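Please keep the sequence and the structure open while reading.

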Amino acid sequence: MASGIRGIRVLHVDDDPQFTDLAAAFLPRHGDGLTVESAHTVEDALARLDAERIDCVVSDHDLTATTGIDFFETVRERYPDLPFILFTSKGSEEVASRAISAGVTDYLQKQRGTEQFELLANRIEHAVERLRSQRTANNRKRRLETLVSNLPGMIYRCRNESGWPMEYVAGETERLVGYTPEELQSGDVGWGADVLHPDERERTWEIVQEAIEDDEPFECTYRVVAADGSIKWMWERGRITERPPSAAELTAVDGETERVLEGFITDITPLKEREAELERSERRFRAIFEDPNVLVGLLAPDGTVRDVNRTALEYVDAEREELIGTAFRETPWWSETSRPDVDEWIERAASGAYVEFESEHPVPGGHSVFVEGIFRPVTDDEGAVTAIVVSGRDVTARRERERELRRQHDRLDDFASFISHDFQTPIATARGRLELALETDDEAHIERAIDAVDRIDELRTDLAETLRNGEVVADPEPIAVEEALEYVWATADPGAGASYEVVDPVEIEADPEAFHRLLQNLLRNSIEHGDDDVTVRMGPLEDGFFYEDDGPGVDPSIREELFAPGFSTKPDGTGVGLGMASVRQVVAGHGWEIEVTDASALGGARFEIRDT
């Protein structure tokens, strides 16, 4: 027998038809939505209760063949929580005592005049609303208990006061915060004072009070300090509700209800940890995604652009917003001829393959760049591709360096014929001097032959070093120039009076072995052209470094020829011209450029090496 949301249906039982008619006329005037049905016998009343929805029974005590209290006991057996008001003209203390002992909802004595119906209407409304509130609270409690039985957490009812004093607690409170429901409910442990993290108290209070003012449920997350001192994250949802007072309270407040908080709290620490890990993963992804040296794009499996990084945008005349949602093949990174290849790469990546690619890309200004990269599929736990990450590096400079090395290789081929001729002279000299020595027994010819052999060996060593090490430059790495010069200085073993200085710390990116050869040849050149007390000086330039000595310097008229294979400035003509060619080769292999000028501090030659 369910109560309606609005309106109260009253069954008035009295064997006096005139009085029931009077009550039916006046009660609706004093009660909002009261509807009165009348019955003059117990049998009729019980039939009405079985057939209709009745929210409250009002009964006289003196009924035909029975009493109101006996009728109440019959009703209570069938409908245990139906409000029952004994409204009787019999006002003895004995009747009132029996009625209260029996458990009637209310007892009211009939009075003269119609004012009694206003009081009766008020009692009816309070009785019905109290029952409805209790049912609502019970339903909410059952829902919360069902929630607790399916989710680890606790339900509670507390007063809306600072410290959140608990009136009712149930659930896994020990697993949640390390305290029993009894400790929290008794006040031995205060939720607000002992459990709620100090930094969360003011914020949580404000959230709840704002929701109460708006008459809305509240929801919040906050930290707590468990019994063992650990910090946990909780999620709470609740609302303000009305709690029916006890019978003693009811008498004192004339049937009014008290507003309390009811809610559910659960541990979301693992969720917060996962969120934190996701945030860390997102930061790591963004750090990789925004690598300034890599062009990166994020695509849907069908090739639609989801995002691109700032580096990639530098290669096109378009904004990120214009590109998102566009088919990757249609973006300005690709020429018309390359679009079929893009479709194939996307299709293969969408099927789960890692696809490496090399491509030429048009860029603003009318020229092209070369990019090498990979299409990487991103899969979910079931292995389905959910996205494609495209990354690429601009290898234009590397390709240009490779072309330069190929040009160098061609020049070395031309140089080989010159070297072959240069070998012939000392070989012929050695052979002729040995023949003369045999014929004349003159040891002076042998000494001359030994000098020629030494020249052959010098030529062979320099040539082998140039051809073996000058053709390929390994991947560069950070090098401290002062450390490299110190190493080369030790291996060159210049005179005791020689010295070097590095003006300011310089660090470059270079192949260490190739850079050592470069310094070795520069240092050898300084030693061979200077005195025993030669001084060498190095330091940084804005885009490179310099090397200078205090030797005789380099005549401006020959500076253009200085690095040509076979060109030598040795005064005795014994130079084979490979040292400075090796320097030029190392410089070109790194993509640098070298310029010869006068030393700014020492008065000799100065070599300035810069990035191109």
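How many salt bridges does the structure hold? The model is a predicted one, and the structure holds 37 salt bridges. The points below take up some of those pairs, and then turn to a helix, a sheet, the nonpolar cores and a few individual residues.

**Salt bridges**

- In helix α2, the side chains of Asp44 and Arg48 meet in a salt bridge with an N to O distance of 4.0 Å, and because these two residues are four apart in the helix, about one helical turn separates them.
- Both partners of that pair fall in the intermediate range of accessibility, Asp44 being partly exposed with a relative accessible area of 29% and Arg48 being partly exposed at 21%.
- A salt bridge also joins Arg348 to Glu344, with the closest N and O atoms 4.0 Å apart; here too the residues are four apart, in helix α14, and are therefore separated by about one helical turn.
- Arg348 is partly exposed, with a relative accessible area of 37%, and Glu344 is likewise partly exposed, with a value of 40%.
- Arg159 pairs with Glu167, their closest N and O atoms lying 3.6 Å apart, and Arg159 is partly exposed at 28% relative accessible area.
- Beyond these pairs, a network of salt bridges links Arg537, Asp543, Glu548, Arg606, Glu608 and Arg610.

**Helix α2 and its two sides**

- Helix α2 spans residues 42-51, and its residues Val42, Ala45, Leu46 and Leu49 are buried; they lie on the same side of α2, because they cover an arc of only 95° around the axis.
- Glu43 and Ala51, which are exposed, are found on the other side of α2.
- The cover over the buried residues of α2 includes the strands β1 (8-13), β2 (34-39), β3 (56-59), β4 (62-63) and β5 (66-67), together with helix α3 (68-78).

- Five strands form an open sheet in the order β14-β13-β17-β16-β15, and their pairing is antiparallel.
- The edges are taken by β14 (305-308) and β15 (355-363), each of which has a single partner strand, so one side of each is left without a neighbour in the sheet.
- From one strand to the next, the twist averages 25°.
- Within this sheet, strands β16 (residues 367-379) and β17 (residues 385-394) run antiparallel and are joined by nine bridges, with Gly373 standing opposite Gly392 in β17.
- Helix α11 (residues 269-289) lies across β13 (295-299) and β14, and runs at about 125° to β13.
- Helix α14 (residues 339-350) also packs on the sheet, where it touches β13, β15, β16 and β17, and its direction makes about 145° with that of β15.

**Nonpolar cores**

- The largest nonpolar core has 35 residues, of which Ile508, Phe515, Leu518, Trp592 and Phe607 touch the most other members.
- Two or more residues of this core come from each of α17 (481-492), β20 (507-510), α18 (512-529), β21 (535-541), β22 (544-549), α19 (579-589), β23 (592-598) and β24 (605-611), and the largest share, six residues, is that of α18.
- Apart from neighbours within four places in sequence, the contacts of Trp592 include Ile508, Phe515, Leu518, Phe545, Val587 and Ile609, as well as the charged residues Glu509, Arg610 and Asp611.
- A second core, separate and made up of 26 residues, includes Leu323, Trp334, Val355 and Val371.

**Individual residues**

- Arg401, in helix α15 (residues 396-440), is partly exposed at 29% relative accessibility, and leaving aside neighbours within four places in sequence, this residue is in contact with Ala588, Gly589, His590 and Gly591.
- The sequence separation between Arg401 and Gly589 is 188 residues, yet their C-alpha atoms are 6.7 Å apart in space.
- Asp215 has a positive phi of about 55° although it is not a glycine; this residue lies in the loop between α9 (201-213) and β10 (218-225) and is partly exposed, with a relative accessible area of 47%.
- Asp441, also a residue other than glycine, has a positive phi near 60°; Asp441 lies in the loop between α15 and α16 (443-469) and is exposed, with a relative accessible area of 71%.

Note on methods. Residues are numbered from 1 along each chain as its sequence is written. This is a predicted model: local features need pLDDT of at least 70, side-chain atom pairs count only at pLDDT 80 or more; totals for chains, interfaces and linings use all residues. Side-chain values use heavy atoms; hydrogens and water are left out. Buried means under 20% relative accessible area, exposed over 50%, partly exposed in between (1.4 Å probe, protein chains only). Contact means heavy atoms within 4.5 Å. A nonpolar core is a set of buried Ala, Val, Leu, Ile, Met, Phe, Trp, Tyr and Cys residues joined through side-chain atoms within 4.5 Å. The arc is that of the directions from the helix axis to the C-beta atoms. Two strands pair if DSSP finds at least two bridges between them. Axes are lines fitted to C-alpha atoms, for helices over the stretch in contact, and angles run from 0 to 180 degrees between N-to-C directions.
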